[in-house]
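Hello,

Here is the structure I said I would pass on. My notes follow it.

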Amino acid sequence: MPSTKEIRNRIKSVKNTRQITKAMELVAASKMKKAQQNASAGQPYAALLAEVLANVSGRIDGIEHPFFEEREVKKRGILVVTTDRGLCGPLNSNLFREVLKVKDEAKFVTIGRKGVQFVSRNKLDLLADFSVPDEVPYLQVKQIVEFMIEKYEAGEIDTIEILYPRFVNTLIQEASFGKLLPISNLDEMINGLRGKDAEPYQESLDERKIKFEPDPETILASLLPLFVNREAHQAILSARASEHSARMVAMKTAKDNASSLLDALTLQFNKARQAAITQEILEIAAATSSNG
Amino acid sequence: MSLKLEIVTPSGKVYDEEIDSVVMPTTSGEVGIMPGHIPLLTEIQPGDIAVTKSGTVDHLAVSKGFAQCIGDKVSILAENAINDDDIDMAEVEAAKERAQDALKNAKEMSEEEINQLETTIQYANIQQLLKKKK
């Protein structure tokens with residue numbers, strides 16, 4: 001049986017661990033709340049973008065734009081959204097399992113340190129690695145997307161897909177693929193932007209024909225990248241919310257484990273102390289009886 | 001008859017008010033909109049949006065985006081927008097300096113990164129100009 005001193009030391013270290021994991025849980029919880037707020041702040045933007053897109057697309061038939069071109073997929077372009085730091089449960093490993101399932105030729109772009117480590121360790125084709133701070137500034141996402149669009153237009157990659165942990169709820173995050181390019185169906189995309197619970201789109205109250213300046217084609221051409229940016233931005237925001245909730249849950253489990261370990265250790269310590277006292281009394285009693 | 005103006009960015013709605021008229025920079029020149037304007041959809045350029053509201057003129061800085069005017073509602077879709085009262089000169093200056101410093105090392109950068117920085121500088125300039133007007 002370990003001595004009381006050894007047990008006391010262990011109790012101390014487990015207590016420390018519990019304190020740290022508890023603090024990390026609280027931090028993750030507050031960050032998660034923030035991330036969720038950020039994710040929902042983009043809703044008005046999406047709604048307006050959908051409205052503008054709907055107005056423009058109604059005026060054009062037979063859209064011709066590289067974004068709609070379905071070409072033969074030789075190389076997929078996949079953006080993998082991972083975290084910079086660990087201690088967030090199976091979040092990243094779920095993503096990596098999906099990455100390994102990709103059997104076609106693919107090039108990867110990563111966000112987050114874990115992703116770049118994984119991709120380079122597995123000798124996969126890495127195009128670029130970006131880092132995005134916690135609040136996910138739109139402009140940085142735009143930069144990443146523009147980089148990928150350039151590769152897409154140059155024919156280096158034939159799709160743009162995004163693999164990220166989709167936030168379902170605090171306990172569930174799903175590794176999911178989202179396809180950004182090519183766009184297969186404009187109407188579907190507009191509906192997707194508008195969101196499920198939005199009110200159905202009403203035809204404009206104004207019967208007069210909308211005037212476009214410059215022509216609708218030009219406007220659509222500059223609107224489409226915005227759509228891709230916004231989809232990617234939303235996905236990354238969702239990934240951040242997932243990260244923090246996964247970390248919160250992982251830390252809560254760790255804290256609970258530490259607590260039960262602490263209980264067990266305290267019991268063991270008390271037993272050891274009691275045993276030592278009993279032992280001492282026995283020794284004293286034996287000594288007095290032999291002397292007397 | 002009044003006009004409703006909303007300015008929406010990816011980080012939320014930054015402006016949503018009843019106004020009298022608005023002047024905004026578009027790719028084909030400045031466009032002024034008053035109530036009863038014909039429906040219009042246009043691309044806007046980084047610049048300064050002047051909003052007239054009960055006699056006073058408010059200025060807002062916007063980056064590239066789109067404006068849609070339908071009925072008595074003007075909606076502006078921009079990547080960035082800020083009200084002149086919220087412009088923090090020190091911060092704008094710092095952002096501009098960072099971007100300019102980065103531009104000096106432009107050799108190793110790709111085209112987009114340079115464009116990105118130039119947009120940042122443009123936006124910073126507009127904010128500064130707006131602030132000085134007051």
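Two residues are called in contact if their C-beta atoms, placed from the backbone, lie within 7 Å. Leaving aside neighbours within four places in sequence, A:L49 is in contact with A:L193, A:L226, A:F227, A:R230 and B:L77.

This is a predicted model, in which local features need pLDDT of at least 70 and side-chain atom pairs count only at pLDDT 80 or more, while totals for chains, interfaces and linings use all residues. Residues are numbered from 1 along each chain as its sequence is written, and chains are lettered from A and ligands numbered from 1 in the order in which they are written.

A nonpolar core is a set of buried Ala, Val, Leu, Ile, Met, Phe, Trp, Tyr and Cys residues joined through C-beta atoms within 7 Å; buried means that 20 or more other C-beta atoms lie within 10 Å of a residue's own. The largest such core has 92 residues, and A:L49, A:V81, A:L163, A:I236 and B:I76 touch the most other members. Helix α7 (residues 216-291) of chain A gives the most to this core, 17 residues. Helices are DSSP runs of H or I with at least four residues, and strands are runs of E with at least two, numbered from the N terminus.

In α1(A), the buried residues include A:I7, A:T21 and A:A28, and the buried residues of this helix pack against α7 of chain A.

Between the chains, the contact takes 30 residues from chain A and 25 residues from chain B. On the chain A side, α2(A) supplies the largest share, 7 residues.

Regards

Note on methods. Buried ≥ 20, exposed ≤ 12 C-beta atoms within 10 Å, placed from the backbone.
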